[in-house]
Amino acid sequence: MQDLLSDAAVGATAAELVRVPSLTGDERAALERCAELARGLGLRAELVAHDLAALRAHPDYPGEEAEGRTELYGLVVTPREAPSAGGPRLALCGHIDVVGVGTVPWQHGGPWSGAVVDGFVHGRGSADMKGGVAAALHALAAAGPSDAVLHVVASEEDGGLGAFAMLQRDAAFDGCVIPEPTGFDVVCAQAGTVTFTGTVHGVAAHAAERLHGVSAIDRYVKVHAALAAVERAYNTDVAHPLMAVLPLPYPLVVGKIAGGEWSSSVPDRVVFEGRAPVRVGESLDTARAAIEDAVAAVAAKDGWPIDIAWTGGVFESATTPERGALAQCVLSSVTAQLGRPARAAGVPWGADMRLYAAAGVPTVMLGPRGIDVAHAVDERVALADLGVCARILADVIAGFPRFAADPAYAA
């Protein structure tokens, strides 16, 4: 068992996963490779084809941003043997899809090298979160017979459709652990996000006759200032204690702007896309209304329209009680493995945690360091962290039945 949980063994599996490109929307080959690796560890692995049309028609459809998706697959991994007596069911969940590789050259052989250099596995997805998937595979294999199930999912990066699909098949779990790169914090609170597209209208005119036009760019500057004010308000007197300690619990970002057609023309249109926060415990409607009201106030001042559409993925917020059986089990395992008190935390980013929580499954996130290099060029994860993560997850799988049966941790 110890060989299965060694830094080198888990790192080797992570490197194999990194070597198969799996940009969001094109994950099947990586899932098939993950199934091969799971079987090589003595586990059962079932590749599942989801019904895309049915998922898109579902009233709780979480949205998606990847263009042109024609298929959606997931992988269900279980121990080869079930326990002699049924107990509480634990889910592990990790996403196999990754974001793009950027435009700057990568070190160590490129984004899909899976190179192991200087104690790190390098490549896109190594930290976010193929390393976590590798740790979960090894933990499940080392734990022996158990009621634990690993969901390896697609489409997390653009809204969580893969996890949503898995939960339509089976949501009868007593807890879920997601090994996202949390730096070994036990994440019990997750902010949500909603994505938006705005269109600022103006009136075109010759640049030399600027006063005859209305610049959509000038109007957008006012919108940007209004959105910045929303962000300041959201981060003043933050209510949830795990979120209040973060330097910026609820970021609001405009990540894309396009406007104007000619340098000598007053621009009559600007399109901008962004990400708005959803505070812990806040409804999606309330979060959307904050953006809509701020933009409407700008439009009302000059009488020209500004449109807002809600596009892409929808990430609600989520929480899990720190004193519940799942959180206490994971906190105990982290403390034992790290030799220091574990820390419960909140995070400002959305993840599949909220989908399991919405299905009534207590869920925490716990994984290696690396959020600072996730989505970045030269993404990497430490071999030592992968080994620790696998050992923590194995301990959680073994210990969860005891915590779940203890009335002291009843919700």
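Ring pairs join F196, Y220, F272 and W310 into a cluster; rings of Phe, Tyr and Trp (its six-membered ring) pair if their centres lie within 6.5 Å, with planes under 30 degrees apart counted as stacked, over 60 as edge-to-face and the rest as tilted. The model is predicted, so local features need pLDDT of at least 70 and side-chain atom pairs count only at pLDDT 80 or more, whereas totals for chains, interfaces and linings use all residues. Residues are numbered from 1 along each chain as its sequence is written, and side-chain values use heavy atoms, with hydrogens and water left out.

The structure holds five aromatic pairs. In one of them, the ring centres of F196 and F272 are 6.2 Å apart and the planes meet at 75 degrees, so this pair is edge-to-face. F196 belongs to strand β9 (residues 192–201) and F272 to strand β13 (residues 269–278), so the pair ties together parts 76 residues apart in sequence. Helices (H or I, at least four residues) and strands (E, at least two) are DSSP runs, numbered from the N terminus. Both F196 and F272 are buried, where buried means under 20% relative accessible area, exposed over 50% and partly exposed in between (1.4 Å probe, protein chains only). For Y220 and F272, the ring centres are 5.1 Å apart and the planes are at 50 degrees, so the pair is tilted. This pair links distant parts of the chain, with Y220 in helix α6 (residues 216–234) and F272 in strand β13, 52 residues apart. The relative accessible area is 7% for Y220, which is buried, and 0% for F272, which also counts as buried.

A further ring is that of Y234: the charged end of R279 sits over it, 3.8 Å from its centre. The criterion is NZ of Lys or CZ of Arg within 6 Å of the ring centre and within 35 degrees of the ring normal.

Helix α1 (residues 7–18) has 12 residues and should span 16 Å at 1.5 Å a residue, which agrees with its end C-alpha atoms being 16 Å apart; the expected span is 1.5 Å times one less than the number of residues. The buried residues of α1 are V10, G11, T13, A14, A15, L17 and V18. These residues pack against α2 (28–40), β4 (116–117), β5 (120–122), α4 (126–143) and α11 (383–405), contact being heavy atoms within 4.5 Å.

Strands β4, β5 and β18 form an open sheet in the order β4-β5-β18, with antiparallel pairing; two strands pair if DSSP finds at least two bridges between them. The edge strands, β4 and β18 (380–382), each pair on one side only. Two bridges join β4 and β5 in the antiparallel sense, and V117 stands opposite F120 in β5. Helix α4 lies across β5 and β18 and runs at about 45 degrees to β18. Helix α11 packs on the sheet, touching β4, β5 and β18, and its direction makes about 65 degrees with that of β18. Axes are lines fitted to C-alpha atoms, for helices over the stretch in contact, and angles run from 0 to 180 degrees between N-to-C directions.

Elsewhere, strand β8 (residues 186–190) runs parallel to β16 and is joined to β16 by four bridges. V186 has A344 as its bridge partner in β16. Both faces of β16 (residues 344–347) are covered, with A344 and G346 buried on one side and A345 and V347 on the other.
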